[in-house]
Structures are given as structure tokens and as C-alpha cells.
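I opened the notebook to go through one chain. The plan was to start with the overall layout and then turn to local details.

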Amino acid sequence: MKYDFDLEERKFSRQFILKIMITFVEAIIVVFVAFAITRYGLERMTVSGEYMSPTLKSGDTILINKLSYKLHKIRRNDVIVVKQTGSEHSYFTLERVIGLPGERVQIKEGQVYINDKPLKEKLEFPLIENGGMAAEAVTLDKNEYFVLGDNRNECEDSRNAMVGNVQKKAVIGKAWIRMNSFTFVGMINNFKQSDSSSSM
């Protein structure tokens, strides 16, 4: 029985080249997917400061879901990542959504009011000592959100002129997972439960 070694060698060469091409294409796909996830899907952030304490503390690492608000609306009580523009550079902050577009927000006697009704929050936050810009009623425009930090007497948020109402275009995404303990941010409950468990 005769073998055509040239033919076998040509087949082996074609298979080898095909394998290399497939591996190359797979590598490109992996790099593209990783880039797409990082650029458009998920991103890591380290919390700096205690403005969201005790929910999130300085040094906590969180995963930002940047696709979340491309699929559904921003909801009250969501913890969002906002791109703030300072005098020298841009930076990310975490805030809790309190007021939604078109609503009227006011803080009086340490309590948040939405459209003249007290907001029933899921968690019992401390009374707010300074209403700031929201001491007088603030009406939100289309695509504007009123936000507060969880450490409400030691943070900068929509009560402060330097932050103000947050535009939707400034929202990078939703604070999704605290990676230290691999806990969903929305499930973290370091506050005393309020008697009224539902928000408006």
C-alpha cells in the first residue's frame, strides 16, 4: 500500500494553518468582548470617603453596571454612579436617587417631601440637619434627578450648589455589586428598618 506523503503533509499544513487562524480569531473575539464589557458594560470603582456610609464605606470596591439604564429607567432608591465635573478634573461619586423627573422635592424639619408628601423610605435615615438648596421646594426638569448621600449630614449631594440636580447624561450606571463581600448593593441593609417599608 502506497502513501502520498506530500498529500498528507499538505493536509497537515492546511489543518495547522486553520487551527492558527481559528485561535487568532478567538483571541480577537475575547479581546473585543473584554473591551466591550469594560467600555460599555461593567466597570470597577473604589469608594473614596464616607458619604454613602454605612451602606458603602471608604475602600469598598464596587462593580458598576453601565448597561442597566439602557434597559430600564432610573428608579427611586437606586444607588447610582455620577460623573461630577470639578474645577480641575472629573470624578465619580455615589448617590441615592430620591426625586424623579417632574417631581417637586423639599426638605423640611429633617424630612424629605415629594410633591408635598413625606417620602416613606425603605430605610430609617437620620434626620437631615441642613436642607440646603432643597429647604425651598425644588422642581425637577425632564431628565433631572434629586440625589442624597446615605451619610446625610456628612456629604455633598443635590442640596449643594456644586452638585445640584443630576442630569441623566451624567449617570454612568448603577452601583451593582460590592466586591469585598460579593453582595448586591441593593440588598445591603446597614440601617434600621423603617416602619414604612415602601417608598413612593
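The entries below follow the order in which I looked things up.

**Entry 1: the model and its elements.** I noted first that this is a predicted model. I then looked up the secondary structure and found 2 helices and 12 strands in the chain. Reading from the N terminus, I got the order α-β-β-α-β-β-β-β-β-β-β-β-β-β.

**Entry 2: whole-chain totals.** I checked burial next. Of the 200 residues in the chain, 38% are buried.

**Entry 3: strand S2.** How many residues of S2 are buried? I found 5 of the 5, so S2 is largely enclosed by the rest of the structure. The cut-off behind this is a relative accessible area under 20%. I then asked which way the side chains point. In a regular strand they alternate between the two faces of the sheet. In S2, Thr 61, Leu 63 and Asn 65 point one way. Ile 62 and Ile 64 point the other way. I note that all of these are buried.

**Entry 4: partners of S2.** I looked up the pairing of S2 with S1. These two strands run antiparallel and are joined by 5 bridges. Met 45 stands opposite Ile 62 of S2. S2 also pairs with strand S11, residues 171–178. That pairing is antiparallel as well, over 4 bridges. There I found Leu 63 with Ile 177 of S11 as its bridge partner.

**Entry 5: a cis peptide bond.** I checked omega and stopped at Ser 53 and Pro 54. A cis peptide bond joins them, with omega about 5 degrees. Where is Pro 54? I located Pro 54 in the loop between strand S1 (42–46) and strand S2 (61–65).

**Entry 6: positive phi.** I looked for positive phi in residues other than glycine. Glu 109 has phi near 55 degrees. Its place is the loop between strand S5 (104–108) and strand S6 (111–114). I looked up its accessibility: Glu 109 is exposed, with a relative accessible area of 76%. Asn 143 also has a positive phi, near 65 degrees. I found Asn 143 in the loop between strand S8 (138–139) and strand S9 (144–148). Asn 143 is partly exposed, with a relative accessible area of 35%.

Conventions. Residues numbered from 1 in each chain as written. Predicted model: local features only at pLDDT ≥ 70, side-chain atom pairs only at ≥ 80, totals over all residues. Heavy atoms only, no water. Buried < 20%, exposed > 50% of the residue type's maximum accessible area, 1.4 Å probe, protein only. Pairing = 2+ DSSP bridges.
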